[in-house]
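Okay, thanks for coming, everyone. Let me put the model up on the screen and then walk you through a few parts of it.

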Amino acid sequence: MAVISLEERRLKDRELNPRSSPYAPWMHIDVLLVLAAAGLATIGIAAIYSTTRGRDPESFDSFFLERQSLFAVAGALFMVFAAWFPYQELAKFAVAIYGVGILALIIVLGPLGEEVNGARSWFRFGDFQLQPSEFHKLAIIVAVAYFLSRYEDHLSAPRVFFAVGIVAWPGLLVLLQPDVGTAIIYVFIGFVLLLIGGIRFRQVVGIALIVVTVVTLMINSNMLEEYQTNRLRTFVDPTTGITDAAFQQRQAQIAIGNGGVSGKGYGEGSQTLSGLVPQQHTDFIFTVIGEEFGFVGSAATLGLYALLLLRILQAARLAKDRFGALICSGVFAMILFQMFEAVGMTLGITPITGIPLPLVSYGGSSAIATLIGLGLVLNVRMRRFI
Amino acid sequence: MTPESLRLRLSFLALLALLAFGVLAARLWFLQVMSSEEFENIAVANTIRVIYEPAPRGRVFDRNGNVLVDNRESLVVTVDRFTYDTEFDEGEKEDLVLRLATEISRTGRLTKIFEINDALDDPRYGPLDSVPVADDVTENFEIVLAERADEFPGVGTDIRSVRTYPYGDLAAHILGYVSLLSEEQYELVADDPKTYRRNDEIGQTGIEASFESVLRGTPGFTRLEVDNVGDPVAVLDQVDPIAGADVHLTLDIDIQALAEKELLAGLAEARQQELDDPNDLPFKAPGGALVVLDPKGSEILAMASFPTYSPSEFVHGFSEERWAQLQDPNNHQPLHNRALAGIYPPGSTFKLFTAYAAMNSGVIGERGVLDVRTLYEDTGTYVVPSCEEDVIASCTFRNAEEAIYGPVDLRRAITVSSDVYFYYLGDTMDRADRFDREGIQRSAQLFGFGAPSGIALPGEGTGRVPSPSAAEAAGEPWRTGDSIVLAIGQGLLGATPLQLANGYAAFANGGTLYAPKMVVEVVNPVTGEVLQAFADRVLDQIYLPRSIRQPILEGLLGVTAELEGTAHSAFFGFPHEEWPVAGKTGTAEVVGQADNSLFAAFGPNPNPEYVVVAIMEESGFGASVAAPAVRRVLEPIATNSVPAVRTIDDLAELSGTIGDDGDEVDAENTELESAA
């Protein structure tokens with residue numbers, strides 16, 4: 001009987017029965033990540049129902065509840081799909097995906113796009129709206145990851161500029177909608193990808209200087225809509241006057257403070273019941289959690305995010321190649337930044353921008369895009385041995 | 001790039017995430033654990049709106065059930081401040097106010113532009129309140145508003161309950177007035193269970209102030225839960241307003257009307273007196289007081305003070321100039337209630353209490369310097385024995401008008417008002433070791449001088465009873481001359497008209513000093529249930545045996561009834577037989593002014609039911625001004641013919657009979673009519 005090495009046996013196993021092999025991708029699904037995502041989505045659906053069902057117990061309105069559940073289910077299917085095919089294949093489509101995304105961002109600015117709350121960010125398909133800028137986050141992640149994964153050594157300045165360009169064009173298109181929040185997410189994703197991709201410290205400083213200059217010019221020029229400068233100014237000095245933004249931030253903090261340690265109880269938050277926090281089911285969803293579930297619930301939610309991000313970071317560490325590690329880092333950056341901003345603005349520590357809380361805020365595009373991103377992370381992790 | 005470098009860079013991401021979570025968790029801890037109580041309070045206030053419904057204020061009645069203070073509805077024009085402030089620029093604001101003033105005036109209530117602007121600037125109203133800018137508008141304005149609402153955005157009407165005074169200005173000082181709370185007052189009542197708001201009214205003087213807690217109703221409220229635009233979504237609870245309780249006074253409005261009329265007439269007469277000597281100080285007679293009370297319990301039947309004011313003026317509020325006028329000393333402070341806050345030397349009306357002191361301390365008596373019937377020779381002057389010029393400024397004291405009364409006993413000394421007789425009593429008590437040096441002071445205090453009488457009205461004066469011990473304590477000299485002038489009610493002695501009347505009441509009723517009583521009971525306006533009844537309040541029992549009371553009483557009876565009595569001419573023709581009146585004139589000297597004219601009286605003797613005291617400033621002799629006025633008050637009482645005041649016509653007739661001060665009378669008449 002021939003003695004075969006472990007390596008040989010491993011190869012043999014794979015040939016004979018790929019599904020039962022200990023290295024088969026499906027054996028390495030990250031259950032904790034999936035559970036954390038499912039937990040957050042559940043909290044989100046519960047919070048959305050609480051703030052949108054209305055006051056009349058005889059006839060609660062379940063419209064948003066049903067829609068968000070549908071988005072979650074759809075998002076889960078997309079996630080499975082994103083995890084299913086070998087992620088390395090994505091490299092072939094990176095340019096195409098990016099191109100389609102840019103096209104969508106251009107078209108949405110035209111007559112086909114729909115304007116909501118002063119921003120032309122949506123396509124309408126019957127009862128559903130699609131926000132291409134949400135999906136383009138993923139296109140940027142894949143494109144930049146693909147571009148940077150091609151170079152093993154430190155990045156040269158032209159490569160850095162090329163990478164910045166990949167982020168900048170969609171960023172500018174999104175600013176034209178105008179949607180500053182999403183543009184800032186793009187910038188942050190790009191920054192993190194460059195960081196992981198091997199940017200040098202002096203290059204970071206250079207880029208930072210440019211970004212600060214541009215942002216300062218933007219705030220002081222008329223490029224931003226009045227409500228956006230208001231939001232930023234309000235954050236800088238809340239005592240300048242009772243503006244809409246100050247009101248919003250004030251009401252958000254009252255809601256969260258009102259929750260106290262244990263919360264007012266599900267469906268019992270007075271700020272939530274009275275609808276005093278504007279945009280509560282979307283960008284300000286965290287105020288529902290804060291008011292009704294209190295510090296305990298808020299901390300648990302943040303804990304789920306921490307778990308999710310930890311698992312993503314681990315997937316990046318374990319990734320078989322630089323492409324995979326960069327994809328995971330991009331998704332990490334996307335979720336971390338959105339979480340920090342969307343929670344931070346309800347707590348009064350970051351300016352108000354229209355950024356959804358990933359997996360929790362109401363909105364199909366955001367939920368599905370985030371779940372696709374997580375699917376990619378699962379994909380990278382489970383294919384680490386192949 | 002090496003795998004190690006990638007790991008390092010991923011670790012940097014982990015650090016970034018750790019930092020982000022740290023910041024969020026710290027802030028969450030601050031909001032939800034450290035300051036959640038504060039936010040919970042805000043959240044409660046955020047969703048609850050309280051709508052107050054004011055409660056009607058209690059009414060005030062006289063002893064016979066006549067309504068003295070009532071409520072009526074006033075139609076008020078309001079401007080919604082939020083609309084006004086947010087929807088108009090300066091020009092539009094000016095235009096709106098101009099059109100509003102024009103339109104309100106056109107419908108019958110004269111309204112000036114600055115009145116509306118002042119109201120709109122009133123800091124007592126919040127930025128979301130509806131501010132009342134004109135009251136007592138006619139219903140025609142409501143019609144205008146209904147037809148042309150779009151021309152007056154934010155303008156509305158409201159019904160407000162305001163005070164009305166069926167008897168016009170009568171008893172204004174007793175009833176007092178209500179007006180908007182001041183900031184200081186708001187602080188004081190902020191925790192009151194009857195929930196005051198910044199634009200509420202509060203009793204400022206008189207019964208309105210001292211019975212504020214009773215008269216004020218408890219406002220009702222509706223607590224609404226509201227949504228983010230302030231629309232109610234649910235009624236949390238609702239409490240109906242509870243009307244304030246009614247207050248029933250001891251006052252008799254008929255006697256009050258009579259007292260006010262005669263006080264005014266007396267002052268008018270005083271001004272018309274001719275001066276004996278052109279160099280004498282003029283009789284300005286700017287003010288005075290007249291008090292009528294029942295000595296059996298010191299129930300106040302009437303209490304007049306002049307000059308007076310119109311409480312209904314406060315219903316609309318008034319200009320700063322008008323307020324300044326009311327405060328100006330040159331206008332003799334119409335808001336000042338002289339009857340209980342004015343402090344006057346009582347003059348010879350005080351001799352009753354000196355006489356009591358002398359008898360009680362033994363100066364007059366079997367072992368005293370005089371017996372009751374001992375005749376003392378009044379030579380017109382009293383020279384203090386062994387007086388040294390350098391110790392006492394003047395050793396010689398004279399009778400008023402340099403009169404010489406010859407032999408006088410106590411009874412006659414009172415009847416003719418012999419100052420010399422009383423100088424002797426004062427001097428004896430001051431210097432003779434075997435008598436109480438402060439006998440007069442003790443007597444004065446027994447009869448209630450030098451202390452607030454305890455009437456249930458604000459602003460009462462204390463008065464002054466000077467004494468050797470007090471002077472020594474203050475490091476000031478006390479001279480025999482001080483005791484001598486004290487004996488005739490002069491010097492530093494000061495008493496309110498009410499104190500004087502109450503002291504006479506204690507003598508008249510046989511020695512019981514009561515706290516003057518103004519309020520009989522407090523009654524629930526709906527059920528008629530008596531919520532609070534006020535019994536007579538005895539402050540002191542004064543030792544007043546017949547042996548002391550009778551000689552003094554005889555002297556006082558002589559004042560009005562005997563030919564040589566100082567008030568004989570004033571009471572000539574008075575029904576003395578059926579209704580014997582005891583009285584005492586007083587002519588009190590005040591430095592730099594004409595004398596104050598005083599008269600104190602009680603009757604019918606021997607069981608008096610009425611005490612009347614009149615004090616008229618700068619009016620001359622008590623006998624010639626105050627005594628006739630008191631007689632004119634007592635005679636209708638004695639003959640049971642006090643004119644009943646029941647209608648506004650009665651009032652107009654009453655004030656119409658007061659002749660000389662044309663303008664004032666006209667003004668008052670107008671005020672009465674508008675109050676109707």
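Before I start, one term: a residue is buried if 20 or more other C-beta atoms lie within 10 Å of its own, exposed if 12 or fewer, and partly exposed in between, with the C-beta atoms placed from the backbone. Another one: helices (H or I, at least four residues) and strands (E, at least two) are DSSP runs, numbered from the N terminus.

Now the housekeeping. What you see is a predicted model, so to speak of local features I need pLDDT of at least 70, and side-chain atom pairs count only at pLDDT 80 or more, while totals for chains, interfaces and linings use all residues. Residues are numbered from 1 along each chain as its sequence is written, and chains are lettered from A and ligands numbered from 1 in the order in which they are written.

Let's start with helix 20 of chain B, residues 480-487. Seven is the number to remember here: 7 of the 8 residues are buried, so helix 20 of chain B is largely enclosed by the rest of the structure. The buried ones are B:Gly481, B:Asp482, B:Ser483, B:Ile484, B:Val485, B:Leu486 and B:Ala487. What do they pack against? The buried residues of helix 20 of chain B sit against helix 15 (351-360), strand 15, helix 17 (419-431) and helix 18 (439-446) of chain B; contact here means that the C-beta atoms of two residues, placed from the backbone, lie within 7 Å. Just after helix 20 of chain B, B:Gly489 has a positive phi of about 75 degrees.

Zooming out, chain B has 25 helices and 23 strands. Of its 676 residues, 46% count as buried. For contacts in chain B with a separation of 6 or more, 74% come from residues 24 or more positions apart.

B:Ser298 is not a glycine, but its phi is positive, about 55 degrees. B:Ser298 lies in the loop between strand 11 (288-294) and strand 12 of chain B, and is buried, with 30 other C-beta atoms within 10 Å. B:Glu402, not a glycine either, also has a positive phi of about 55 degrees. Is B:Glu402 buried or exposed? Exposed, with 8 other C-beta atoms within 10 Å; the loop between strand 15 (396-398) and strand 16 (406-408) of chain B is where B:Glu402 lies.

Then the cis peptides. The bond from B:Phe306 to B:Pro307 is cis, with omega near 0 degrees, and B:Pro307 is in the loop between strand 12 (299-306) and helix 12 (313-316) of chain B. B:Gly603 and B:Pro604 are also joined by a cis peptide bond, with omega about -10 degrees. B:Pro604 belongs to the loop between strand 22 (596-603) and strand 23 (610-616) of chain B.

Staying with B:Pro604: its C-alpha atom is 8.1 Å from that of B:Ala582, 22 residues apart along the chain. B:Ala582 is in strand 21 (residues 582-588) of chain B and counts as buried, with 28 C-beta neighbours inside 10 Å. Leaving out residues up to four places away in sequence, B:Ala582 touches several residues, including B:Leu553, B:Phe602 and B:Gly603.

On to the interface: 32 residues of chain B are in contact with 41 residues of chain A. On the chain B side, helix 1 (3-34) and helix 2 (36-47) are the elements that give two or more residues, and helix 1 of chain B gives the most, with 18 residues. That side of chain B divides into 20 nonpolar, 6 polar and 6 charged residues. For the classes, Ala, Val, Leu, Ile, Met, Phe, Trp, Tyr, Cys and Pro count as nonpolar, Asp, Glu, Lys and Arg as charged, and the others, Gly among them, as polar.

Last, confidence. pLDDT is the predictor's confidence in each residue, from 0 to 100. Chain B has a mean pLDDT of 87, and 92% of its residues reach 70 or more. Among the elements of chain B, strand 23 has the highest mean pLDDT (97) and helix 25 (residues 662-675) the lowest (39). Over residues 657-676 of chain B, pLDDT stays under 50. Where pLDDT is low, the predicted coordinates should not be read in detail.
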